[in-house]
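Visitor: Could you take me through one part of this protein up close? I'd like a single helix, looked at from its length to its neighbours.

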Amino acid sequence: MDGFLDDQFNQLQKLQDESSPYFVMEVMTMFFGDSEKLLNRIALALEQKPVDFKSVDSNVHQFKGSSASVGVARVKDVCTNFRNICEAQNLEGRVVQSENSFSITFSPLPFLNMHFIALKCVYRIL
């Protein structure tokens, strides 16, 4: 789980008790369902000609927020980079910032999907 989950996930686990023994499972099930819908919307926006970067960014922003709220740090971080790509409107995944130049050299949607699938596997192990 190193790097996938942060302290927010631990906080969710602390909210689970005898009165709500499936709290974390219910929250994560909702997160996974919402995430699949968001990933589908992102994929559709990326398929538009020209790419609908406004829609992509909006959905990635929502995905980032929901990931942060359940403590899924790795997906949240990928979403942050993905939003930079949307801002630059550059599907090659290269982002140049003014003072600190750096490159993001991944294709964002498959990368998000890969992390999302890995996270589902990690959660099943828990």
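Guide: A quick word on terms before we zoom in: helices here are DSSP runs of H or I with at least four residues, strands are runs of E with at least two, and both are numbered from the N terminus. On that count, this predicted model has five helices and zero strands. Going along the sequence, you read α-α-α-α-α. Of the 126 residues in the protein, 37% are buried. And if you take the contacts between residues at least 6 apart in sequence, 62% of them join residues at least 24 apart.

Helix α3 runs over residues 53-70, which makes 18 residues, and at 1.5 Å a residue it should span 26 Å; the C-alpha atoms at its ends are 26 Å apart, so the two agree.

Which residues of α3 are buried? They are Phe53, Val56, Asn59, Val60, Phe63, Ser67 and Val70. These residues take up an arc of only 130° around the axis, so they sit on the same side of α3.

Just after α3 comes glycine 71, with a positive phi of about 85°.

Next, a neighbour. To describe two packed helices, you give the angle between their axes and the distance between those axes. For α1 (residues 7-15) against α3, the angle is about 55° and the axes are 6 Å apart. An angle like that makes α1 oblique to α3. As for who touches whom, Gln8, Phe9 and Leu12 on the α1 side meet Ala68, Ser69 and Val70 on the α3 side. Sorted by class, that contact has four nonpolar residues, two polar ones and no charged ones.

Aspartate 7 also belongs to α1. Aspartate 7 lies 63 residues from valine 70 in sequence, yet their C-alpha atoms are 9.2 Å apart in space.

Phenylalanine 82 is in α4, the helix of residues 73-88. Is phenylalanine 82 buried or exposed? Its relative accessible area is 1%, and the cut-off for buried is under 20%, so phenylalanine 82 is buried. Along the chain, phenylalanine 82 and aspartate 57 are 25 residues apart, and 8.0 Å separates their C-alpha atoms.

Technical notes:
Residues are numbered from 1 along each chain as its sequence is written. This is a predicted model: local features need pLDDT of at least 70, side-chain atom pairs count only at pLDDT 80 or more; totals for chains, interfaces and linings use all residues. Side-chain values use heavy atoms; hydrogens and water are left out. The expected span of a helix is 1.5 Å times one less than its number of residues. Buried means under 20% relative accessible area, exposed over 50%, partly exposed in between (1.4 Å probe, protein chains only). The arc is that of the directions from the helix axis to the C-beta atoms. Axes are lines fitted to C-alpha atoms, for helices over the stretch in contact, and angles run from 0 to 180 degrees between N-to-C directions. Angles under 35 degrees count as roughly parallel, over 145 as roughly antiparallel, 65 to 115 as roughly perpendicular and the rest as oblique. Contact means heavy atoms within 4.5 Å. Ala, Val, Leu, Ile, Met, Phe, Trp, Tyr, Cys and Pro count as nonpolar, Asp, Glu, Lys and Arg as charged, and the others, Gly among them, as polar.
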